[in-house]
Amino acid sequence: MAPATPATKRLRPWWNSRFLKAVRNNPFSVLGIVIILAFFVFAIYPQGFTRYDPELLSLRTRLLPPSSEHWLGTDQYGMDVFTRVIYGARTTLYIVVVVLAIATGIGFVVGTVAGYFGGVVDEILMRFTDIIIAFPFLILAIAVNAALGRGLLQTMLAVGFSWWPGYARLVRGQILAVKNEEYVTAARALGGSNLRIMARHVFRNSVDPIIVRVTLDIGLVALATSGLSFLGLGAAPPTPEWGRMVADGRDFLLDQWWISTYPGLALFLVVVGFNLVGMILRDWLDPSSVGR
Amino acid sequence: MAQYFIRRILAAVPVLLGVTVITFVLSQLLPGDPARMVAGQFASAEQVAAVRERLGLNQPLPVQYVRYLGRLLRGDLGTSFSSHQQVAEELRFFFPATIELTLVAMILTVLIGVPLGVMTGSRKAPFVNSGVLLLSLIGVGMPVFWAGLVFQLIFAGRLDILPLDGRLGSTVLPPPRVTSMYTIDALLAGQWSTFVDAVTHLILPAVTLAIGRIASVARITHASMLDIMRRDYVRTALAKGLPQQQVVNKHALKNALLPVVTTIGLQVGFLLGGTILVENIFSWGGLGTYAYIGIFRLDIPAIMGLTLVATLTFMLVNLVTDFAYAFLDPRITYI
């Protein structure tokens, strides 16, 4: 294979870019992009797509089947299922952002400190990480959530606390990989402080795999938190939350199937969407993974 | 090899201790007075004080932890806040049902996921490749609690070919209790119709629980197979004219399955978590049902007991998979 010269790199036309190549490699990914865009639009501006209130009780409209008035029917409280599904995107986005902020936050700190300082610090932090990983994830999240008490904040803390070890390991690995690169040594020789080196040199070069991981994790976090809401932890009614909505419709499953089915379908689509997009990002940012 | 096994077991001990530290700390977070919770709502002040004395709740925390550890070693997981029964006793009652369900889901995962990955990964076809990828994404992305309800709606509600929930039909008596797994007990007692009934009740929950795992194992096997089929020794075997099937079975398969073994252990963690959701949907009287009651009443000893049992199970499974791996690939014992 001929070595790529900078000239050919600059001249590569846009339709041949690595990003589009990643998309072409996986034609279904277009579907993922569409789903994610819709998800963000619904989450940001739900009131633009419906004229109903997502949390307003209305006894006259209880348990109506899907119709032109109520596209996805109504639930046992007379609330419009379509409206609640749309607003549910906002709840899910909020939950996922908070949980991943907690998980990546703890993971970054633990992974960076362990990887950069090494030695005893590394040993202690990694053994702690091993302990968290020893639990089946969902069961640890339930245990922490139960200990903290009922509530959405508690659930987000519990899931975030159970989720960080993956990030800690990832960040630590990245840091170990770049720690002894010459540019880091050079920065140290120039008198850069530990914090400065970590922030400006080590962290910058380990960010790509973390972006990929976060994208792939969005769907999984949404699954986990809505699972906890389904069990009665997490979002309290009447908050429009997909897992809770699925649970609410259970008693009506056989006759008013739409109450449970549609919120779950929305969750399902969003998870698949983020996984598809995560896959493109991975192929794009890390070409060695193509086809895996 | 024996040395490696011993080292692995010893390495698990501090992790296990750490796990108990975490459940201990989590038990302490609870607002309110645990002595009162154990003594019950109508206990007098003296009774509460007696419980506090008996459980050592007036001791400093490190002392309490050591006593907690001592109790765990004797198999005492504490007293449930809601039922006032021994948690260990209750778990002994609920756990076999979960073992039965997760075991069947595990068998489905291996029997379907691995061959699927091998078949699709053993020849080079870009179309099949992205098809497998999409199917596995769908399987992994399916919310188990939603999938369970949809299956109930279709197979029990509309088609009426499988039971809606429970472990046995309402007219069927449980078989004589040996393992508390109805399928096995029914076979042991020679009650064929009870066995069939238990199996039909197993199908929906086990499939629901297994879908995501099948998808995940199929995908990993697929990737591993693709990787191996690119190796030089496989190309050589094909080049010298061996039939594709023989190359796959004799040369590629064994090496391709090595990384799969490790993931299968990890799947058990997902199964143990997923079973909490699935059992709740199918009224399967196992750990999931126990957890649901515990969550409903915020019964901390029950939830921590369940957490410990599930985590111990998960750790044991991972230990066994590590041993299996070392057995299949002796190189690992030198690392």
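Two residues are in contact if their C-beta atoms, placed from the backbone, lie within 7 Å. Keep that in mind for the exercises below. This is a predicted model, in which local features need pLDDT of at least 70 and side-chain atom pairs count only at pLDDT 80 or more, while totals for chains, interfaces and linings use all residues. Residues are numbered from 1 along each chain as its sequence is written, and chains are lettered from A and ligands numbered from 1 in the order in which they are written.

**Exercise 1.** Describe the side of chain A that touches chain B.

*Solution.* First, count: 43 residues of chain A are in contact with 47 residues of chain B. Then assign elements, where helices are DSSP runs (H or I, at least four residues) numbered from the N terminus, and strands are E runs of at least two. Two or more residues each come from α5 (119-134), α6 (137-148), α11 (207-230) and α13 (258-285) of chain A. Of these, α6(A) gives the most, with 10 residues.

**Exercise 2.** Summarise the fold of chain A.

*Solution.* Chain A has 13 helices and zero strands. Its C-alpha trace spans about 75 × 50 × 30 Å along the principal axes. Of its 292 residues, 46% count as buried. Finally, take the contacts between residues at least 6 apart in sequence: 68% of them join residues at least 24 apart.

**Exercise 3.** At what angle do the axes of α4(A) and α13(A) cross, and which residues make the contact?

*Solution.* With axes as lines fitted to C-alpha atoms over the stretch in contact, and angles running from 0 to 180 degrees between N-to-C directions, helix α4 (residues 81-117) of chain A and α13(A) come within 10 Å and cross at roughly 35°. On the α4(A) side, the contact is made by Val81(A), Val85(A), Gly88(A) and Thr92(A). From α13(A) come Trp258(A), Ile259(A), Tyr262(A), Pro263(A), Ala266(A) and Val270(A).

Notes:
A residue is buried if 20 or more other C-beta atoms lie within 10 Å of its own, exposed if 12 or fewer, and partly exposed in between; C-beta atoms are placed from the backbone.
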